[in-house]
Amino acid sequence: ALADVVVAADVFHVLDNPGSWGKFLDTLIALSAPHTLIFVTYTNCGHGKLFKRFLTQRVHKYFTTTPVAPFLLHPVAHPGAPGRLEQQIPTVQVFCWARR
């Protein structure tokens, strides 16, 4: 059976394994159907242009992508929030992908 929901966090490491993004996309295609919601996080560590190109050239052939509005995230998800265990990372973006 195909998945109803997929959550993928901290999966993009361009310099560590440049071929992994295409394999990740192939995996999501294999796991998903039109009813599947996929939540993907992206932390821009200097590869934002490459990530946008990946979305435009590869992902959008199979999925629609929508950034999740910050107000929909748990209050502790935001940098500087009370109760958050701070790490020195940029703001994390969350995207919802759905099959075309």
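## Contacts and overall layout

Take the contacts in the chain (heavy atoms within 4.5 Å) with a separation of 6 or more: 81% of them join residues 24 or more positions apart. This is a predicted model, where local features need pLDDT of at least 70 and side-chain atom pairs count only at pLDDT 80 or more, while totals for chains, interfaces and linings use all residues. Residues are numbered from 1 along each chain as its sequence is written, and side-chain values use heavy atoms, with hydrogens and water left out.

The chain has 2 helices and 4 strands, arranged along the sequence as β-α-β-α-β-β. These are DSSP runs, numbered from the N terminus: H or I of at least four residues for helices, E of at least two for strands.

## How the helices meet

Helix 1 (residues 20-31) and helix 2 (residues 48-57) have axes that come within 12 Å and cross at roughly 40° (axes are lines fitted to C-alpha atoms over the stretch in contact, with angles from 0 to 180 degrees between N-to-C directions). On the helix 1 side, W21, G22 and L25 meet L50, F51 and F54 of helix 2.

## A look at T41

T41 lies in strand 2 (residues 37-43). Its relative accessibility is 18%, so T41 counts as buried (under 20% relative accessible area, 1.4 Å probe, protein chains only). Leaving out residues up to four places away in sequence, T41 touches A8, A9, D10, F12, V92, Q93 and V94. With D10, the T41 side chain reaches the backbone nitrogen at 3.1 Å.

Terms used
Buried means under 20% relative accessible area, exposed over 50%, partly exposed in between (1.4 Å probe, protein chains only). A polar contact is a pair of N or O atoms within 3.5 Å; within protein, one must be able to donate a hydrogen and the other to accept it, and residues adjacent in sequence count only if both atoms are side-chain atoms.
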